[in-house]
Each structure stands twice: as C-alpha cells, then as structure tokens.
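Visitor: I would like to be walked through this model one question at a time. Please show it before we start.

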Amino acid sequence: MASPTGVKRNANHLTAPAVDSKKPKGNGSITSFFGPPKTKVKTAEPNSSTVPPRPSTFNKQKWVASLTPEQAELLQLEIDTLDDSWLAQLKDELVTPEFLALKQFLRKEKQSGVKVFPPENEIYSWSRHTPLHKVKAVIIGQDPYHNHNQAHGLAFSVRPPTPAPPSLVNIYTGIKNDYPSFQRPPNKGGLLTPWAERGVLMLNTCLTVRAHQAASHANKGWERLTQKAIDLVARVRTHGVVFLAWGNPAGKRVSGINRQKHCVLQSVHPSPLSASRGFFVNQHFKRCNEWLAERYGADEVIDWSLTSNVRTTSPFVEIQSPSVAIDNKTKRLTAKESAPMSSEEPESDAPQLTNPLAADEFEDDVDALEALAAAETTD
C-alpha cells in the first residue's frame, strides 16, 4: 500500500538540498525552509488530542500480572491476539463477570468438540488490521458467516477461494454506482483486508458462531463487548469518523453516536431481500469520502478499490442503475418502486418473505431465512 501523503512530504524534505546560508533571509526563513504551513485538516491522523493513548503507554505486562490465574487462562486469546491499541482501552471490560462468562461458554464449546467460526486466531483480526488510532470509518456487521472457509474476523469479508456472498456482491454494486471506475476483484473474490488496512473497521456485533448454525452464539456476551468497541471509537476519535450502518440491527448499534462529531450513514441492508429498497442508491461510499475529505483533506479519503489497477477515489460521475429518480426539490436520490437487481447479481436462493423487514435480522443467511419463512406460513 502506498505511503500516506504526509510521509512522502517528510521523505522529500529529508532529501531536499540544504538551504544556502548566503541567500537573503527571505529565502532562509523557517517558512521557506519547511514549506508553507499545512492546512489543519490535511494530516494523516488527527492531532494528539483526538487519538487514544498509543500502545506504548499501556503496560501490557503489568496488566497481565494483575490478573488472577483463572482470568489469565480465560483471556489468553485476548492477550495474544487483540491488538494492544484496543486491549489498552477494553481491558476493564474483559475482566467483567459478563465477558468472563462468555469465555467460559466458548471454552465449553471447544471442549465439547463443537466447530466454531472464525478460526480462533482470527476472531480479533479486525483489531490487528485496523488499530484503534487508525480508524476512519466503521462498517457494522452482525453474525459471522457460518460455513467453512468464510469468516475470518472482518464483517462481510471472506477468504479466497470462497466467492463473495450475495450481500457483498451487492456492496460491490453500490460502490460501482458511486465510482464507475471500481473493478470487482478477480475470481469473484470477497477478501476485504485492503479496506481494513486503510482504516475501515469491519466489525461484526457477534464475533463467533457454531458451524452451520446461524446466530448460535448470539446473546452470549459478544454484543456487549462490540458495543463497547463502537462506543470507544466514537469517544476517542473525537475529530470524527464515518459509521455505516446497514439494516435495523446495525442502526440500533449507532443510535447513541453523536452526529455533531461523527457522520452516521444508515440504510437498508445489502442482502438480496432488501437491497433493492434503497441500498444501491444510498451513495454511502461517495458520501463517506466527501465527509472525510471535508474533515481531513482529500488525501484521507478511503480507496475502495480491491485490485491494484485503479484507485476508487475518483470524483463521482453518475449512478449506473436505471432505477434512480432525482427529487429536484431536495436533490436527493430515491429508488423507484421495486428497483430490479443488476444483471450482474446472482439470483438469490433464499425464500421470498411477506415481511422483508424481519429478514434484515438474518442478513443473507439462507437457513435462518427459511426458518423465518416457515414460521410465517404457520401464522
């Protein structure tokens, strides 16, 4: 990944020719030597008052030594794999009775031979790919994918060779509508680690699931921790980040966010059952970048590309979907009735529900949707 603009400028300064001391003082002033003052928004990171304590201020060894033997045993995964920038801020939550009860539950699952996703060492990969002081945007997911070689700790993301699931395919369409230069990953890929490494925190509200059993670890304690993580971002990133909340459950997670400090973008979920009700025209990827550019400068927008060919930060051109209407009074984009899915989108095998709003809870999980459909037919 290319180095931030600020780093490049520092490198150029270090290699610039020395200033001739015999030149007039006007050319030898502090301003001319270091260049004109930078605009306050054009920094790779906010000033020191807006970032949490760096990992170097957190004495991890001392904290670990303060744990009881049982706590240390239960929290070994967090000690080993949760990034220090997050651990320093979440450590008090980790020793609460509620979180320790969650860890005891997960230990029993493991001892009983139950297969749990994602793999244990990837449960906290979101924290390592996106340290707390690097967060620019937050995408909130719900339950990890529950089939083999899918979940790896980042919401919506799957490892190759697994093809992008339907919701992620629809996310690609949303980006393409905002940025026509966007190129879908080769081989129908769905690995989103490049976004995470550019400052997009992709956080599920539940971090584990039993194999092939959707929402099987819901309401066991993960939701409390991940809500703390969301609130933590809002509290310590005081200069502002963008929260993207798709679907009703995600919307509830951002209900307490201060919208004077942060940008909160909400819409229906990108699931095939709801995406046509406004997701394709919500312009969230463009609006996210517009807000970041205004707040931090053009160098700090998110590059949404997932290939090495084209950066997806070029100016918005036009919505590609034919199902877009523009309200001339408000200048806002709205979806026409029953907007069709793009011809590039795969047809969903999921059942059609009479109450599609209820389906938001299950994203694009076919098993859960079938159960919901069955329940509706018995009413």
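**A guided reading of the model**

Guide: The accessible surface of the protein comes to about 19400 Å², and 52% of that surface belongs to carbon and sulfur atoms. Accessible areas here follow the Shrake-Rupley method with a 1.4 Å probe, and for residues only the protein chains shown count as cover. This is a predicted model, in which local features need pLDDT of at least 70, side-chain atom pairs count only at pLDDT 80 or more, and totals for chains, interfaces and linings use all residues. Residues are numbered from 1 along each chain as its sequence is written, and side-chain values use heavy atoms, with hydrogens and water left out.

Visitor: What is the mean pLDDT of the protein?

Guide: pLDDT is the predictor's confidence in each residue, from 0 to 100. In this model 67% of the residues reach 70 or more, and the mean is 78.

Visitor: Over which residues does pLDDT stay under 50?

Guide: Where pLDDT is low, the predicted coordinates should not be read in detail. One such stretch has 48 contacts (heavy atoms within 4.5 Å) beyond four places in sequence, and another has 104. The stretch with 48 is residues 1-53, and the stretch with 104 is residues 315-379.

Visitor: How many helices and strands does the protein have?

Guide: Both are DSSP runs numbered from the N terminus: helices are H or I over at least four residues, strands are E over at least two. By that rule the protein has 15 helices and 8 strands.

Visitor: What percentage of the residues count as buried?

Guide: Buried means under 20% relative accessible area, exposed means over 50%, and partly exposed lies in between (1.4 Å probe, protein chains only). Of the 379 residues of the protein, the buried part is 47%.

Visitor: Which residues does Trp-86 contact beyond its neighbours within four places in sequence?

Guide: Trp-86 is among the residues with the most contacts inside the largest nonpolar core. Its partners include Leu-201, Ala-229, Leu-232 and Val-233. Also among them are Trp-126, Pro-131, Leu-132 and Val-135.

Visitor: Which residue does UniProt list for "active site", and is that residue buried or exposed?

Guide: The UniProt entry is unreviewed and lists Asp-143; its positions are given in the numbering used here, feature names are shortened, and annotations may be inferred rather than shown by experiment. Asp-143 lies in the loop between β2 (137-141) and α9 (166-178). Because its relative accessibility is 16%, Asp-143 counts as buried.

Visitor: Which backbone nitrogen lies 2.6 Å from a polar atom of the side chain of Asp-143?

Guide: The distance of 2.6 Å runs from a polar side-chain atom of Asp-143 to a backbone nitrogen. That nitrogen belongs to Ala-215.

Visitor: Is His-284 buried or exposed?

Guide: His-284 lies in helix α13 (residues 284-296). Not counting residues up to four places away in sequence, His-284 touches Asp-178, Leu-244, Trp-246, Leu-265, Gln-266 and Ser-267. Its relative accessible area is 0%, so His-284 is buried.

Visitor: How far apart are the C-alpha atoms of Phe-58 and Ala-88?

Guide: Phe-58 is found in the loop between α2 (30-34) and α3 (60-65), and at 11% relative accessibility it counts as buried. Beyond its neighbours within four places in sequence, Phe-58 is in contact with residues including Trp-63, Leu-87 and Ala-88. Phe-58 and Ala-88 are 30 residues apart along the chain, and their C-alpha atoms are separated by 5.8 Å.

Methods. A polar contact is a pair of N or O atoms within 3.5 Å; within protein, one must be able to donate a hydrogen and the other to accept it, and residues adjacent in sequence count only if both atoms are side-chain atoms. A nonpolar core is a set of buried Ala, Val, Leu, Ile, Met, Phe, Trp, Tyr and Cys residues joined through side-chain atoms within 4.5 Å.
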